[in-house]
Structure formats: structure tokens, C-alpha cells
Amino acid sequence: MEALKKVLEAGLKAIQEAEDLPLLNEVRNEFLSKRGKVASLMSQLRELSPEQKREFGQQVNRIKVELQQAFEAQLSNVEAAVLKLKLESEKLNLELPGVDFRVPLRHPLTIVQEEIEDHFMAMGYEVIEGPEVELDFYNFERANIPANHPARDMQDTFYIDESLLLRTHTTAIQTRALEANAHKETLKVICPGKVYRKDDDDATHSHQFVQVEGLVVGHGVNLANLKHTLLSLAQAMFGADRNIRLRPSYFQFTEPSVEVDVSCHVCDGAGCHVCKQTGWIEILGAGMVHPHVLEMAGFDSEAVSGFAFGCGVERIAMLKYNLDDIRHFYQNDSKFLKQFNRFE
Ligand code: DAH
């Protein structure tokens with residue numbers, strides 16, 4: 001009986017002191033498993049007389065039940081303590097200051113340029129680029145612009161040396177694309193990029209600006225295709241209700257050449273200060289690629305024809321966003337730039 005009492009006390013003490021799950025398991029093994037201390041008490045039954053057996057057996061069972069209950073109780077204590085610790089370690093401090101979270105802003109010119117690119121990519125055009133430091137050859141010669149043309153004047157163009165310049169228009173990308181694809185039957189490209197002119201900066205002029213050129217070459221490409229394409233562009237930029245009109249014009253690299261007006265998106269053609277009371281706004285130049293330009297690049301101008309257009313991204317952005325000064329785009333005033341970005 002003395003031994004029983006000792007086992008009970010030792011067991012209860014060990015259970016009380018076991019403050020984590022592995023320890024508690026060890027204690028359970030020590031006392032309550034098949035080879036544990038309680039089981040070994042049972043094995044002593046054999047040595048006792050029948051009366052003693054009964055008494056001893058009941059006592060051992062009582063000890064077993066008591067230790068089991070103590071074990072269960074301690075197990076739930078330990079589990080609760082473990083959970084509490086875990087919760088505390090994962091506690092959020094809601095009073096900490098937040099992390100400054102900035103969405104990268106896109107420049108309004110990038111936004112408009114990408115809108116134009118997206119519009120044409122959806123129609124199967126490929127977007128291509130070219131060098132800003134360009135050969136006179138691709139910028140002028142291949143665009144059919146003769147040596148005595150005023151655009152070639154030092155007054156108008158930034159020359160680096162006699163044959164090298166800062167490209168004055170994205171038509172330079174067009175002439176490169178033509179040459180690179182002369183072996184193909186068709187070509188459908190959009191050519192965005194920065195261009196440079198020796199202009200004095202004012203509200204409507206900038207010595208550097210952005211153009212997007214479009215070029216399609218193939219069998220039977222005609223002026224009606226060009227008109228349809230430009231109408232789709234005007235509507236993508238200024239709304240589904242817009243109309244366009246073509247006026248005869250002159251560019252060295254197209255024949256015939258046209259100037260393209262879009263019906264005013266502000267007054268819907270009635271006349272306002274934006275369209276200078278005419279109802280129309282000029283947005284770009286275009287035409288059928290001059291046969292000589294095709295031939296110089298290596299195409300057979302008897303077999304294929306092409307159309308091209310070129311527009312100024314600043315001009316379109318100024319009209320879309322109702323801006324009155326091109327210099328806003330280049331002054332990096334964050335208050336100005338932030339207006340064009342919405343969280344979408
Ligand atoms: N290169 C012309 C300019 O800078 C714009 C232009 C006009 C491009 C007609 C074209 C075109 O491709 O067909 O003013």
C-alpha cells in the first residue's frame with residue numbers, strides 16, 4: 001500500500017510539472033503505458049493472497065483512473081498554453097504606421113502611346129522601334145526627301161555629322177522596316193518613338209516629341225483601307241461618334257498625300273474654341289506610300305502598294321486631356337503627372 005501511494009504521488013507530481021507536450025507524453029509512458037509503473041504494480045498481484053488481491057487491485061485501478069484524469073487535465077492546460085503562446089507570437093500591432101505604398105505612375109504620353117499601340121495590335125499590327133540617332137539616309141534619302149529640301153536645313157534638324165542626325169520623324173523607322181521586309185509580301189507595323197526638331201520651345205512646339213507611324217504594305221492596299229484605318233484610330237482616341245475627313249496635302253514619301261481631320265470631340269462639330277469654330281481638328285498626315293519609296297527599299301511597286309500615316313502623340317494627348325501647353329509633358333511636375341493615373 002505504501003508503494004501504491006508513492007507511485008500515485010510521484011505520478012501526480014510528474015504530471016503537474018510536465019509543462020509541454022513532449023514531457024507530458026514521457027510522463028504518460030512512464031506511468032500509464034503497458035510497461036509503465038501502474039502496469040508493473042498490477043504484475044505484483046500474483047504474489048498476494050486472494051483477499052489482498054481484491055483490495056490491491058481496486059487500489060491500483062483507482063490510482064490508474066486518478067493519474068489518467070490528472071493527465072487529461074494537464075494535457076488540456078498544456079494545449080491551451082501552447083495555443084496562447086502561438087497567438088501572442090502572431091499578434092498584429094494595428095497601431096504601427098502603414099508602409100508607404102505607391103503605384104508606379106505612367107506618363108500621359110506613355111498612356112496615349114500605349115492606347116494607340118493596343119488599338120493596332122488588336123488588328124494584327126506589330127510594334128517596332130528604330131534608332132533615335134539615325135542616318136540621314138533612312139531619315140531623308142529613303143523617304144524621298146531631296147538634298148535641297150528645307151527640312152534638311154541645319155536650321156531644322158539636329159545634325160551630329162554630315163550623315164548622322166537625330167531623327168526628325170518616325171518615317172525613318174518606316175523606311176528601315178520597308179528595307180528589312182522587302183522580301184515579304186505583306187507588312188503591318190506601328191512605329192512609335194521620340195523625334196527631334198530644331199524648334200524653339202513654346203506652348204505648341206517642343207524640340208523633342210513623340211510620333212507614332214503606321215505602315216501597311218500588301219497586294220491591293222488602297223486609300224479606302226487607309227481611310228477605314230484612320231477612322232478606327234480617331235474613334236479609339238476620341239470616341240465612337242467621331243468622324244474624319246481627308247484633305248489633299250503633300251508629303252515627299254506618299255502619293256497621294258492627305259491631311260486628316262477628326263470631328264471635334266468637344267462640340268461634336270458645331271464649332272467651339274478647341275476646333276477654332278470649324279468643327280474639325282487636324283490630327284495627322286497620311287497617304288499611299290510613294291512607289292519610289294517602295295522601289296528604293298526593294299519592293300516591286302507594280303505588285304504591291306502601301307499606306308502610311310504619322311501622328312504626334314503630344315497633339316492627341318493635348319486634345320484628349322484638354323491641355324493648352326506642350327511643355328507640361330516635359331516639366332516633371334508631379335501634380336500634373338498624377339492626374340492621369342487612376343487606380344483601375
Ligand atoms: N513624317 C511626317 C511628319 O513628321 C508625318 C507623316 C505624314 C508620316 C504622312 C507619314 C505619312 O507616314 O504618310 O510630319
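Arg176 sits over the face of Tyr138, 4.2 Å from the ring centre. A charge counts as lying over a ring if NZ of Lys or CZ of Arg is within 6 Å of the ring centre and within 35 degrees of the ring normal. The model is predicted, so local features need pLDDT of at least 70, side-chain atom pairs count only at pLDDT 80 or more, and totals for chains, interfaces and linings use all residues. Residues are numbered from 1 along each chain as its sequence is written, and side-chain values use heavy atoms, with hydrogens and water left out.

Tyr138 also takes part in an aromatic pair. The structure holds seven such pairs. Phe137 and Tyr138 have ring centres 5.1 Å apart and planes at 80 degrees, so this pair is edge-to-face. Rings of Phe, Tyr and Trp (its six-membered ring) pair if their centres lie within 6.5 Å; planes under 30 degrees apart count as stacked, over 60 as edge-to-face and the rest as tilted. Tyr138 is buried, with a relative accessible area of 10%. Phe137 is partly exposed, at 35% relative accessibility. Buried means under 20% relative accessible area, exposed over 50%, and partly exposed in between (1.4 Å probe, protein chains only). Elsewhere, Tyr321, Phe329, Phe336 and Phe340 form one aromatic cluster.

Two helices are considered next. Helices (H or I, at least four residues) and strands (E, at least two) are DSSP runs, numbered from the N terminus. The axes of α2 (residues 21-32) and α4 (residues 50-89) come within 10 Å and cross at roughly 175 degrees. That makes α2 roughly antiparallel to α4. Axes are lines fitted to C-alpha atoms, for helices over the stretch in contact, and angles run from 0 to 180 degrees between N-to-C directions. Angles under 35 degrees count as roughly parallel, over 145 as roughly antiparallel, 65 to 115 as roughly perpendicular and the rest as oblique. From α2, Leu21, Leu24, Arg28, Phe31 and Leu32 meet α4 residues that include Leu67, Phe71, Leu75 and Val78. Contact means heavy atoms within 4.5 Å. The residues of this contact divide into eight nonpolar, two polar and three charged. Here Ala, Val, Leu, Ile, Met, Phe, Trp, Tyr, Cys and Pro count as nonpolar, Asp, Glu, Lys and Arg as charged, and the others, Gly among them, as polar.

Thr170 lies in the loop between β3 (164-166) and α7 (171-180). Thr170 is buried, with a relative accessible area of 0%. Leaving aside neighbours within four places in sequence, Thr170 touches Cys191, Pro192, Gly193, Val195, Gln211, Val212 and Glu213.

Helix α10 (313-321) has the buried residues Val313, Glu314, Ile316, Ala317, Met318 and Leu319. Their cover includes α5 (108-121), β5 (208-218), α8 (223-238), β8 and β9 (305-312). Asn322 follows α10, and its phi is positive, near 55 degrees. This residue lies in the loop between α10 and α11 (334-338). Asn322 is exposed, at 61% relative accessibility.

Backbone angles stand out at other sites too. Gln277 is not a glycine, yet it has a positive phi of about 65 degrees. Gln277 is found in the loop between β7 and β8 (280-289). At 57% relative accessibility, Gln277 is exposed. The peptide bond from Glu255 to Pro256 is cis, with omega near -5 degrees. Pro256 lies in strand β7 (residues 254-263).
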